Amino acid sequence: MDRVVLPGLALSAALVAVLTGALLAVSPVAAVGLVAVAGVVVVVWRRPATAAYLIIGLTPTLAGIDRGRLIPALRPNEGLAVLLAGILVVRFLFRYRPGTRLRIQLNPIEVTLVALAVTSSVLPLAWMHLVGRPIIADDISYALVMWKFLGVYGIVRAAVHTQAEVRRCLLAAVAAAGLLGTLGILQSLDMLGVRSLLLTYWAPFGYADALSIPRGSSTLALPAATADVLIFSLAIAVGLLWKRPHNLYLTLFLAGASVVCVVGVFAAGEFSCALGLVVAIVCLTAGLRRLDLLRYAPVGLGVALIAAWPAVSHRLVGFQSASGWPNSWIVRWYNLSTYFWPDLFSGQNVLFGVRPSARVVVPTQGTGYVWIESGYTWLLWGGGIPLFAAFVALVWVSLPRLWRQTEGLRDESSVAALAAFTAITAIVAMMIFDPHLTYRGAADLLFSLLALTFVKSPDITESTESPTKASRGRMMELSDVLPTGAAR
């Protein structure tokens with residue numbers, strides 16, 4: 001195999017060198033990008049797990065950059081996902097052995113994930129066509145959202161095969177969250193020029209005023225998405241700490257990241273995420289089978305709240321209005337009752353939804369749009385009862401399995417299960433306010449965590465086919481194409 005691969009790599013390297021030299025004279029940035037892409041191709045080809053490290057570690061930094069800003073029609077993290085998926089698919093096809101049969105088996109959780117994708121895209125678009133409702137580009141874009149996250153799941157599922165690789169993925173997630181939270185905290189405190197830094201690429205739709213308020217949107221350009229990632233990453237860090245790493249520096253890193261995550265959630269200034277944090281802490285202690293640890297939660301949350309006080313106080317000022325309610329809550333109610341609920345509950349729209357697009361054009365808004373600020377309304381709006389049922393099925397199927405896997409935290413996959421269990425439960429609570437299931441960065445991390453829970457430990461054996469049945473024909477799976485260890 002190497003006799004074929006190595007000459008091909010050498011030829012490709014020569015071609016890249018020639019193209020890089022030509023691009024340097026025209027666009028140095030493009031030349032650097034070409035070299036980076038070539039490097040990613042080589043590394044991922046040799047070590048497929050690198051694809052998971054990259055998608056998990058870089059998404060929180062790249063997902064907040066608007067589509068088309070650096071890559072035509074895509075966010076940078078989406079472009080990265082397309083590149084990584086392409087490498088893995090080509091590698092799969094190149095290593096495919098003729099005469100073997102492919103076997104694709106979906107477990108119950110994967111069935112619910114596919115159901116989410118289908119009921120948020122195919123069914124509502126078909127319904128729109130049947131009732132004669134025009135399908136616009138925004139509908140197609142939103143219809144692809146769950147498929148995109150399913151693609152992230154597939155990348156991580158195909159690339160990661162050992163507990164060591166799972167551990168690196170989890171550490172990459174914690175490191176990315178540490179940077180995300182630190183920037184969010186500094187942004188809310190208006191320190192070290194972080195707001196000016198974020199204005200370069202991370203102002204949503206170029207709307208600079210979104211960064212003028214003391215809330216930590218960080219590099220995801222959305223405070224709620226930032227807080228979600230920090231909540232999920234807190235669960236990862238606590239799970240890894242509970243396994244008692246023997247490295248002092250790693251322990252300090254995980255403890256410091258946990259503190260940053262908690263403070264960063266409050267710095268985001270989102271009421272729904274504060275609720276999600278409380279739910280997550282309860283889930284963590286329950287998953288660790290140590291509910292007695294909840295007695296320390298008020299002290300920790302109090303300290304974090306004080307550390308992020310500028311963002312918290314900015315949100316609490318809203319309760320001093322004449323109505324006694326924050327203006328954002330009044331606007332939320334107005335938007336739902338004006339732009340969404342009348343259409344949703346008109347005729348038979350609630351059956352299969354109104355349209356996949358979860359926003360309406362309102363020129364008076366700074367970003368030009370009004371989004372649905374209710375997760376369960378979004379489910380019904382985007383896919384009707386089938387999408388709502390698919391979400392309920394995901395919760396119903398995944399939580400018992402993840403709960404069983406957390407017992408004892410036997411391996412790194414069980415830590416991923418603890419984080420996924422915490423994330424899904426927190427999302428159930430936070431969906432009362434916003435569609436947290438599809439928030440950029442957070443959804444990518446959730447789907448990655450679910451993929452990591454299915455990586456088996458070496459000491460876990462599963463039933464195999466009988467020799468007679470196996471002799472009828474060898475069944476080829478992705479793990480055959482992406483072997484672990486030195487064979488890569």
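What share of the 488 residues in the protein chain is buried? Buried residues make up 50% of the chain. The structure described here is a predicted model.

## Overall build

The protein chain contains 22 helices and 4 strands. Among its contacts with a separation of 6 or more, 75% join residues 24 or more positions apart. The chain exposes about 22,600 Å², and carbon and sulfur atoms supply 69% of that area.

## The nonpolar cores

In soluble globular proteins, nonpolar side chains tend to be buried together. The largest nonpolar core here has 122 residues. The members that touch the most other members are Leu-113, Leu-116, Leu-170, Ile-236, Leu-277, Leu-446 and Leu-452. Helix H19 (residues 412-430) gives the most to this core, with 13 residues. A second, separate core has 8 residues, including Leu-183, Leu-186, Leu-198 and Trp-202.

Leaving aside neighbours within four places in sequence, Leu-170 is in contact with Ile-236, Leu-240, Glu-412, Val-415, Ala-416, Leu-449 and Leu-452.

Gly-382 lies in helix H18 (residues 375-406) and counts as buried because its relative accessibility is 3%. Ser-121 is 261 residues away along the chain, yet the C-alpha atoms of Gly-382 and Ser-121 are separated by 8.2 Å. Apart from residues up to four places away in sequence, Gly-382 touches Thr-119, Ser-120, Pro-124, Arg-355, Pro-356 and Leu-387.

Arg-355 sits in the loop between helix H17 (349-352) and strand S2 (359-361). Although arginine carries a charged side chain in salt bridges elsewhere in this chain, such as Arg-157 with Glu-110, Arg-355 is buried, with a relative accessible area of 17%. Besides Gly-382, the residues touched by Arg-355 include Met-128, Arg-133, Asp-139 and Trp-381.

## Salt bridges

The structure holds 10 salt bridges. One of them joins the side chains of Glu-78 and Lys-148, at 3.1 Å from N to O. Glu-78 is in helix H4 (residues 76-95) and Lys-148 is in helix H8 (residues 145-159), so the pair ties together parts that are 70 residues apart in sequence. Glu-78 is buried at 8% relative accessible area, whereas Lys-148 is partly exposed at 23%. Arg-67 is linked with Glu-78 and Lys-148 in a network of salt bridges.

Arg-157 and Glu-110 form another salt bridge, with their closest N and O atoms 3.0 Å apart. This pair connects helix H8 to helix H5 (residues 108-119), across 47 residues. Glu-110 is buried, at 8%, while Arg-157 is partly exposed, at 31%.

In a further salt bridge, the side chains of Asp-434 and Arg-332 meet at 3.3 Å, N to O. Asp-434 is in the loop between H19 and H20, and Arg-332 is in helix H16 (residues 327-344), 102 residues apart. Asp-434 counts as buried at 4% relative accessibility, and Arg-332 counts as buried at 16%.

## Cysteines and surface

How many disulfides does a search of the whole structure find? The search finds 0. Cys-169 is buried at 0% relative accessibility, and Cys-283 is buried at 8%.

Ile-140 belongs to helix H7 (residues 137-143) and is partly exposed, at 40% relative accessibility.

Notes. Residues are numbered from 1 along each chain as its sequence is written. This is a predicted model: local features need pLDDT of at least 70, side-chain atom pairs count only at pLDDT 80 or more; totals for chains, interfaces and linings use all residues. Side-chain values use heavy atoms; hydrogens and water are left out. Helices (H or I, at least four residues) and strands (E, at least two) are DSSP runs, numbered from the N terminus. Buried means under 20% relative accessible area, exposed over 50%, partly exposed in between (1.4 Å probe, protein chains only). Contact means heavy atoms within 4.5 Å. Accessible areas come from the Shrake-Rupley method with a 1.4 Å probe; for residues, only the protein chains shown count as cover. A nonpolar core is a set of buried Ala, Val, Leu, Ile, Met, Phe, Trp, Tyr and Cys residues joined through side-chain atoms within 4.5 Å. A disulfide is a pair of cysteine sulfur atoms within 2.5 Å. A salt bridge is a side-chain nitrogen of Lys or Arg within 4 Å of a carboxyl oxygen of Asp or Glu.
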